[in-house]
Amino acid sequence: MGRKKFSILDRIRSFRFAINGLKIFFLTEHNGRIHLVAALLAIFLGIFLKISNVEWVIVCLIIGAVFVAEILNTAIEKLADLVTEEINPKIKIVKDIAAGAVLVIAIVALIVGLLVFLPKLIALLL
Ligand SMILES: Nc1ncnc2c1ncn2[C@@H]1O[C@H](COP(=O)(O)OP(=O)(O)OP(=O)(O)O)[C@@H](O)[C@H]1O
């Protein structure tokens with residue numbers, strides 16, 4: 001493969017493809033919308049409970065990680081469906097492993113959420 005010359009127009013085009021991917025994800029995937037609501041809730045709680053800068057960094061990283069995992073899981077599911085929509089044990093393994101990645105980060109997000117927000121919520125109520 002020859003080396004392509006750097007082009008700002010090509011970079012803008014790639015950026016537009018990526019935005020299109022996000023549009024498809026948020027408009028067509030229920031999980032995308034659920035994560036969006038959860039992220040907005042975390043941001044709202046962060047503002048309301050006045051979390052520290054370090055806590056914001058952690059919350060932002062976790063929100064980003066959850067979206068990245070779900071987006072990649074969706075891409076893998078779509079690719080798997082392209083391979084075959086018939087029941088196939090190998091497709092099941094691929095999809096289950098990809099879903100496992102989302103579960104891992106979702107559990108981490110829950111733990112981080114509890115560590116960051118719960119003590120502040122309890123202090124507020126007491
Ligand atoms: N072609 C297939 N062959 C065998 N099992 C499959 C197949 N397609 C899906 N499955 C099983 O169904 C599960 C859900 O797959 P599906 O593609 O419906 O994802 P989904 O319902 O959108 O899940 P997610 O909540 O991760 O978005 C998979 O994890 C897998 O166990």
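A residue counts as partly exposed when the number of other C-beta atoms within 10 Å of its own falls between the buried mark, 20 or more, and the exposed mark, 12 or fewer. Glu77 has 16 such atoms within 10 Å, so Glu77 is partly exposed. Bear in mind that this is a predicted model.

Glu77 sits in helix H3. Leaving aside residues up to four places away in sequence, Glu77 touches Lys95 and Ala98.

## The annotated binding site

Now for what the record says. An unreviewed UniProt entry puts the feature "binding site" at Glu29 and Glu77. These positions are spread over 49 residues of sequence, yet they cluster in space, with a largest C-alpha distance of 11.5 Å.

Glu29 is found in the loop between helix H1 (8-28) and H2. With 18 other C-beta atoms within 10 Å, Glu29 comes out as partly exposed.

## Around the ligand

Which residues are around the ligand? They are Asn31, Asn73, Glu77, Glu85, Ile87, Asn88, Ile91, Lys92, Lys95, Asp96 and Ala99. H4 gives the most, with five residues.

Sorted by class, the shell has five charged residues, along with three polar and three nonpolar ones.

## The nonpolar core

The largest nonpolar core has eight residues: Ala42, Val59, Ile62, Ile63, Val66, Ala69, Ala109 and Val116. H3 and H4 are the elements that give two or more residues to this core, and the largest share, five residues, comes from H3.

Ile63 is one of the core residues. Setting aside residues up to four places away in sequence, Ile63 touches Ala39 and Ala42, and Ala42 is itself in the core.

## A look at Leu36

Leu36 belongs to helix H2, which covers residues 30-48. Is Leu36 buried, exposed or partly exposed? Leu36 has 15 C-beta neighbours inside 10 Å, so Leu36 counts as partly exposed.

Leu36 can also be placed relative to Phe26. They are 10 residues apart along the chain, and their C-alpha atoms are separated by 8.2 Å.

Definitions and conventions: Residues numbered from 1 in each chain as written. Predicted model: local features only at pLDDT ≥ 70, side-chain atom pairs only at ≥ 80, totals over all residues. Helix = DSSP H or I, 4+ residues; strand = E, 2+ residues; numbered from the N terminus. Near = placed C-beta within 6 Å. Nonpolar A, V, L, I, M, F, W, Y, C, P; charged D, E, K, R; others polar. UniProt positions renumbered as here; feature names shortened; annotations may be inferred. Contact = placed C-beta atoms within 7 Å. Core = buried A, V, L, I, M, F, W, Y, C linked by C-beta atoms within 7 Å.
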